[in-house]
2 protein chains.
Amino acid sequence: MVTIKDIAQQAGVAKSTVSRYLNGGSVSKKTKAKLDQIVNETGYTPNTFAQSLKAKKTNMIGTIIPRLDSFATNAILASIDEELRKKQYQLIITNTNQNIEREVENIYTLAKQKVDGIILLATVVTEAHRAAIAAVGIPVLLLGQSAEGLHTIVHQEYEAGFKMGSHAIDLGHKKFLFFTVPEEDKAVGQLRSKGVLDALRKYPDTFIEIIETNFSFSKAYEKAMDVLPATSATYVLCATDNIALAVMKAAHTLGLSIPNDFSLSGFGGYTVASIVTPSITTVKYPYKKLGALSVANIIELVEGKEIVSNLELPNELIKRESTVYLKSSK
Amino acid sequence: MVTIKDIAQQAGVAKSTVSRYLNGGSVSKKTKAKLDQIVNETGYTPNTFAQSLKAKKTNMIGTIIPRLDSFATNAILASIDEELRKKQYQLIITNTNQNIEREVENIYTLAKQKVDGIILLATVVTEAHRAAIAAVGIPVLLLGQSAEGLHTIVHQEYEAGFKMGSHAIDLGHKKFLFFTVPEEDKAVGQLRSKGVLDALRKYPDTFIEIIETNFSFSKAYEKAMDVLPATSATYVLCATDNIALAVMKAAHTLGLSIPNDFSLSGFGGYTVASIVTPSITTVKYPYKKLGALSVANIIELVEGKEIVSNLELPNELIKRESTVYLKSSK
DNA sequence: GTGAAAGCGCTAACAT
DNA sequence: ATGTTAGCGCTTTCAC
């Protein structure tokens, strides 16, 4: 391993001169030429750890994600990665596999690795989260879940829900089945759901059956297999595209046809929702923009600047083949 | 930031004693108790960089992946992550966005960050790759592409292709359309394809039309929209599940029905291939096992042990609704 | 069992 | 423009 000292010796100069040369300080043309050559020959690369030890800045940003197999997560991550690269930062991804304790644990782990900042794709925000964030003393940006007193960027979940609910009403439907997730999840289980329900309940003569499931495909499929045969609903709302896909699969299995037997919609704007037949009506979230904004904000925070603490990003209803006007026959 | 020095001062002992205490060396019960308490109170955590500066070992493994939005990649990554965690290693993921130069670049970047080893989900292996691997002097494990003289773990691609080709033949088909990827990709474009073609060509009276596309959904969709209307094929083979999904979408758009108008198969074992209707026949690769094996091997390498340099993992044909016996009418 | 001291590779005053 | 020096937080001889 060739070090700054070796270079210095070979060039017959002091370590500090080499250091200055490396970091763009003023050096004479002659020494520069000599150093250029030696560095090239030896293939010297600085020891990041020794640098970090002084600099207190590693140019690494850590992210904590709940799972690797989510379209939304990957879209956001890809965007974060791209933006971070532009700014000469390195991305470290840690996966919690939906384990909340691990989420907190990873905050500490990343802090130990001296990342300059952390972007947390949060599932929930517990006291342990707050304690960890306070303890590590590095900027943390929360994505997807709002939390008092922390820096967050979230989607307009209530509005998304309301849009979709209104869409269903506009199509003339009265009887609804709503697959949603537990209230523990504030963004989806509370806000998005409330938006949907508020929109539906604005009209007096609607009938809504609520089914609680979770984010997994298989669980949603099971629930759908249970519920679909007996339902009289003409419109099935699902809290995520993933759930919608599961319901669609169940419908196929049961010999039900979408949108003839019922309309179906999800949330998320996942690519697969557009490629299945019929394509699924959904709400599209600006993942790319979210990623870009996250990076811009976390870097501001790293540099000690002030930012708007709580941002909300708008989204867009995408009408597709899976939702149609209520047929008068029903 | 509380350091070992602070702890030492508070405890009235030397830094070295604290260090020994921290690293399981021999300390008296009394000092241990005192130190226990102080460390707890202060919430001390060692500075990883200072440690690494001496230790030359960071317990970090770097991975280089071509894209974040691939089912296969995510499945492998999740498995690697899980295994690594068990062994107290930290995973660093870097994304190249399908850019080959960046792949090489990232080898150097990760080396600078002093990862103990690199797992590379390779797309191709160029001279630049070999040069980089030789230069950084840390163990590199290649996944998915074989390469002379390097440590690799690959899928039995030829066999996978051959299995699928044989399946198509067994169903009585004679006319085939084969969507494949360029030969640059050795694993898929060469081996997998050759397996398919060899199986088909074993029978003299087969007719095969080959369409070259790439890994992207949209490109495959375009090609399919071009080709499907005119084809007389009764079985469409696709080099990946992603391509198969694109063909399926095109078929729907064109009003063609699978498997009535033609049978369809992919490769990869992606989840979505099982949830669409009809579900798609595919070859399932053991991603989880691949991840686990990768971790086991890279750690062996890191510890300076010898390993089997070139491993091949078997796979499994999954027959689903999209492929059926050739109807005698055609 | 414990402490003093050297050193890992680098940066950053400060002096020349 | 260049060299000297100190020090980042930690580990590791080597005495005691």
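Colleague: What makes a residue count as near DNA strand D, and which ones are closest?

Modeller: This is a predicted model, and in it 26 residues surround DNA strand D. Each has a heavy atom within the 4 Å cut-off, so each counts as near. The closest are A:S16, A:T17, B:I4, B:K15 and B:Y44.

Colleague: Why is the pairing of A:T17 with DNA strand D called a polar contact?

Modeller: A polar atom in the A:T17 side chain sits 2.7 Å from a phosphate oxygen of DNA strand D. The limit is 3.5 Å between N or O atoms, so the pair qualifies. For B:N47, a backbone N or O atom is 3.1 Å from a phosphate oxygen. Two or more residues of the surface near DNA strand D come from each of α2 (15–22) and α4 (48–55) of chain A, and from each of α2 (15–22) and α4 of chain B.

Colleague: Which element gives the largest share of that surface near DNA strand D?

Modeller: That's α4(B), with four residues. By class, the surface near DNA strand D has nine nonpolar, 12 polar and five charged residues.

Colleague: Over to DNA strand C: which residues come nearest?

Modeller: A:I4, A:K15, A:Y44, B:T17 and B:S28, out of 26 around DNA strand C. Sugar and phosphate make up 61% of the DNA strand C atoms that come within 4 Å of the protein.

Colleague: What makes A:K15 and DNA strand C a polar contact?

Modeller: An N or O atom in the A:K15 side chain is 2.5 Å from a base nitrogen of DNA strand C. The elements giving two or more residues to the surface near DNA strand C are α2 and α4 of chain A plus α2 and α4 of chain B, and α4(A) has the largest share with four residues.

Colleague: Now B:Y89. Is B:Y89 buried or exposed, and how do you know?

Modeller: Its relative accessible area is 9%. The cut-off for buried is under 20%, so buried is the word. B:Y89 sits in the loop between α5 and β2 of chain B.

Colleague: Which residues is B:Y89 in contact with, leaving aside its neighbours within four places in sequence?

Modeller: B:K57, B:N59, B:M60, B:I61, B:L84, B:D116, B:I299 and B:V302. Contact here means heavy atoms within 4.5 Å. B:N59 is 30 residues from B:Y89 along the chain, and their C-alpha atoms are 4.9 Å apart.

Colleague: Last one, the second largest pocket: how many residues line it, and what makes them lining residues?

Modeller: There are 41 of them. A lining residue has an atom within 4 Å of a pocket point, so that is the test they pass. Nearest the centre are A:Y108, A:T109, A:K112, A:Q113 and B:T48. The space in the second largest pocket is about 1200 Å³. Both chains give elements with two or more lining residues, among them α7 (127–136) of chain A and α5 (71–86) of chain B. The largest share, six residues, is from α6(A). By class, the lining has 16 nonpolar, 16 polar and nine charged residues.

Definitions and conventions
Residues numbered from 1 in each chain as written. Chains lettered and ligands numbered in written order. Predicted model: local features only at pLDDT ≥ 70, side-chain atom pairs only at ≥ 80, totals over all residues. Heavy atoms only, no water. 1 Å grid on protein atoms, 1.4 Å probe; cavity = no way out; pocket = protein on both sides within 12 Å on 5 of 7 lines; lining within 4 Å. Points joined across faces, edges and corners; volume = space filled by probe spheres on them. Nonpolar A, V, L, I, M, F, W, Y, C, P; charged D, E, K, R; others polar. Buried < 20%, exposed > 50% of the residue type's maximum accessible area, 1.4 Å probe, protein only. Polar contact = N/O pair within 3.5 Å; in protein donor to acceptor, adjacent residues only side chain to side chain.
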